[in-house]
Amino acid sequence: MKARVGSVSPVLFKGGEGCGACYKVRCLDHGICSRRAVTVIVTDECPGGGPCGGGNTHFDLSGAAFSRMAVAGAGAHLRDRGQLKVIYRRTACKYGGKNIAFHVNEGSTSFWLSVLVEFEDGEGDIGSMQLKQVPIRFLSSLFTLVHCLFS
């Protein structure tokens, strides 16, 4: 559980425009939460309905993100709490020494590709992604070339 990622409600996901955005999120329950905020990267939209629906602002955080907000030794307990009151703010994504990072997620196959784009050098959000299959001469199969267009 290394990745500090999360899915967000449609209000923050904005039909895909919010994908790749970073937020500082801090838990307000001082009994179990530290005072430090965790920076999370938006990687998905949480399903509509429940806490994610009705125009609510909602974060579904990874276990690593939950653990980062907890007081020492209370990460597992905080993850088990479910919904927490938090404050958040948009922040720049920072990955020292990298311009952009593409990660092909585990489970990708020749029929389904899952790619996480983590950073674009702090110059704005990723406006769209286009996938294009291109033939590779020395291999008989096709590979996918990912091309990002920046807003």
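The following legends describe close-up views of a predicted model.

**View 1. The largest nonpolar core of the model contains 21 residues.** Y23, V25, V40, F59, L61, M69 and L78 have the most contacts inside this core. Two or more core residues come from each of the elements α1 (10-13), β2 (22-27), β3 (38-45), β4 (59-61) and α2 (63-69). In soluble globular proteins, nonpolar side chains tend to be buried together.

**View 2. The surroundings of V25 are shown.** Beyond residues up to four places away in sequence, V25 touches A37, V38, V40, F59, L61 and M69, and also V86, I87 and Y88. V40, F59, L61 and M69, like V25 itself, are listed among the residues with the most contacts inside the largest nonpolar core.

View 3. The link is right-handed, with 110° about the S-S bond. Both C22 and C93 are buried.

**View 4. C27 and C33 form a disulfide.** The sulfur atoms of C27 and C33 are separated by 2.0 Å. This disulfide is right-handed because the torsion about its S-S bond is about 55°. C27 has a relative accessible area of 1% and is therefore buried. C33, with a relative accessible area of 3%, is likewise buried.

**View 5. S34 occupies the loop between β2 and β3.** The relative accessibility of S34 is 12%, so this residue counts as buried; the limit for that class is under 20%. A polar atom of the S34 side chain lies 3.3 Å from the backbone nitrogen of R36. Apart from neighbours within four places in sequence, S34 is in contact with C27, R68, M69, A70 and V71. Of these contacts, C27 is a partner in the disulfide with C33, and M69 is listed among the core residues with the most contacts.

**View 6. A disulfide joins C46 to C52.** The S to S distance is 2.0 Å. The link of C46 and C52 is left-handed, with -120° about the S-S bond. C46 and C52 are both buried. A search of the whole structure finds 3 disulfides, and with the bonded cysteines numbered in sequence order, their pairing is 1-6, 2-3, 4-5.

**View 7. C19 is partly exposed.**

Key
Residues are numbered from 1 along each chain as its sequence is written. This is a predicted model: local features need pLDDT of at least 70, side-chain atom pairs count only at pLDDT 80 or more; totals for chains, interfaces and linings use all residues. Side-chain values use heavy atoms; hydrogens and water are left out. A nonpolar core is a set of buried Ala, Val, Leu, Ile, Met, Phe, Trp, Tyr and Cys residues joined through side-chain atoms within 4.5 Å. Buried means under 20% relative accessible area, exposed over 50%, partly exposed in between (1.4 Å probe, protein chains only). Helices (H or I, at least four residues) and strands (E, at least two) are DSSP runs, numbered from the N terminus. Contact means heavy atoms within 4.5 Å. A polar contact is a pair of N or O atoms within 3.5 Å; within protein, one must be able to donate a hydrogen and the other to accept it, and residues adjacent in sequence count only if both atoms are side-chain atoms. A disulfide is a pair of cysteine sulfur atoms within 2.5 Å.
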